[in-house]
Amino acid sequence: MAADGDVASAALVAVTSTREEEKVPAKYLKLNVGGHLFITMASTITEGEHMLSAMFSGRQKVLQDDQGFFLIDRDGQLFGYILNYLRGCEKFLPHSQEQLERLHEEASYYAMPELKDAIAHKLQQDFITSCSVPVLVAEDDMARLVETTTTSLPVVVLSLNRSNNRFSYTAPSHDILLKHIELFDKLCVKFRGRIRYARDISGRDGSVVSWLFCGKGKCVASINCTFIVHAAQDRKHTKIEFPEARLYEENMNMLLYEPDCDPPPDMPATPETAYRLSQDSVVPPGYM
């Protein structure tokens with residue numbers, strides 16, 4: 001009786017010899033996973049001890065379609081991560097909590113305990129991150145936070161520094177300050193796991209209230225909500241505005257900068273031209 005490896009090799013040769021029109025060498029496997037098509041080295045699938053290696057060991061019959069693709073009725077969207085793991089690319093895991101949880105189920109089905117452990121560890125790390133709001137206290141903290149958006153979640157920063165104020169506030173400004181804080185809290189809850197939120201108390205931009213929106217390693221937009229108005233007898237007052245609709249709009253735009261999404265095709269290549277909405281949108285010095 002031939003060894004299991006010889007049986008698998010013979011089965012692969014038989015498949016490709018009867019389907020010469022497909023031009024796929026015997027050392028490759030063609031897989032149809034949940035409607036998603038993959039071609040990979042046979043050794044990637046057959047090495048190791050897991051469900052896939054057992055399926056293609058020659059001891060089990062695997063259904064094929066009329067084009068020679070082996071049919072696996074599992075989640076095809078996530079199977080690429082399974083293949084990457086088998087290729088030794090464990091670091092390339094999805095960023096979405098939902099996808100991580102689904103991938104954990106797939107790893108369980110394919111009997112890959114090491115991949116399950118890696119996913120569980122990342123879920124734990126992401127949980128800790130998503131439950132915290134960083135507080136930026138120095139200018140270089142902002143630069144480091146923006147850099148993380150290259151490969152991680154987009155970032156929305158609320159800069160609220162009453163110490164920067166030099167004049168008395170206009171009558172409604174105190175209530176409007178609270179509205180900014182309330183909106184920030186609501187967004188943190190609603191978009192948890194998709195957008196990272198931070199508070200900036202460094203006072204680096206000189207404003208009392210401003211918002212900064214960053215993704216893919218650059219600052220995309222900024223909204224300055226602090227203005228100086230003149231009253232009687234040349235007196236100056238600090239006025240705080242609350243452009244709620246625009247703040248929501250920019251926050252929703254950040255979803256386009258999630259790690260698994262590509263930026264819009266018409267996105268300006270440089271931050272200098274990115275989302276310059278109006279004259280009261282001021283990007284802090286050093287971030288353009």
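This is a predicted model: local features need pLDDT of at least 70, side-chain atom pairs count only at pLDDT 80 or more; totals for chains, interfaces and linings use all residues.
Local features need pLDDT of at least 70 and side-chain atom pairs pLDDT 80 or more, while totals for chains, interfaces and linings use all residues. Residues are numbered from 1 along each chain as its sequence is written, and side-chain values use heavy atoms, with hydrogens and water left out.

Reader: How many disulfides does a search of the whole structure find?
Author: Happy to start there. A disulfide is a pair of cysteine sulfur atoms within 2.5 Å. With that cut-off, the number found in the whole structure is zero.

Reader: Is Cys-225 buried or exposed?
Author: Buried means under 20% relative accessible area, exposed over 50% and partly exposed in between, using a 1.4 Å probe and protein chains only. Cys-225 has 0% relative accessibility, so Cys-225 counts as buried.

Reader: Which parts does the pair of Phe-56 and Phe-70 tie together?
Author: Rings of Phe, Tyr and Trp (its six-membered ring) pair if their centres lie within 6.5 Å; planes under 30 degrees apart count as stacked, over 60 as edge-to-face and the rest as tilted. The structure holds seven aromatic pairs, and Phe-56 with Phe-70 is an edge-to-face one, at 5.0 Å centre to centre and 90° between the planes. Helices (H or I, at least four residues) and strands (E, at least two) are DSSP runs, numbered from the N terminus. Because Phe-56 lies in the loop between helix H3 (51-55) and strand E3 (70-72), and Phe-70 in strand E3, the pair ties together parts 14 residues apart in sequence: that loop and strand E3.

Reader: Within what arc do the buried residues of H5 fall?
Author: In H5, the buried residues are Gln-99, Leu-100, Leu-103, Glu-106 and Ala-107. The arc is that of the directions from the helix axis to the C-beta atoms. Glu-98 and Glu-105 are exposed on the other side of H5. The buried residues line one face of the helix, because seen down the axis of H5 they fall within an arc of 115°.
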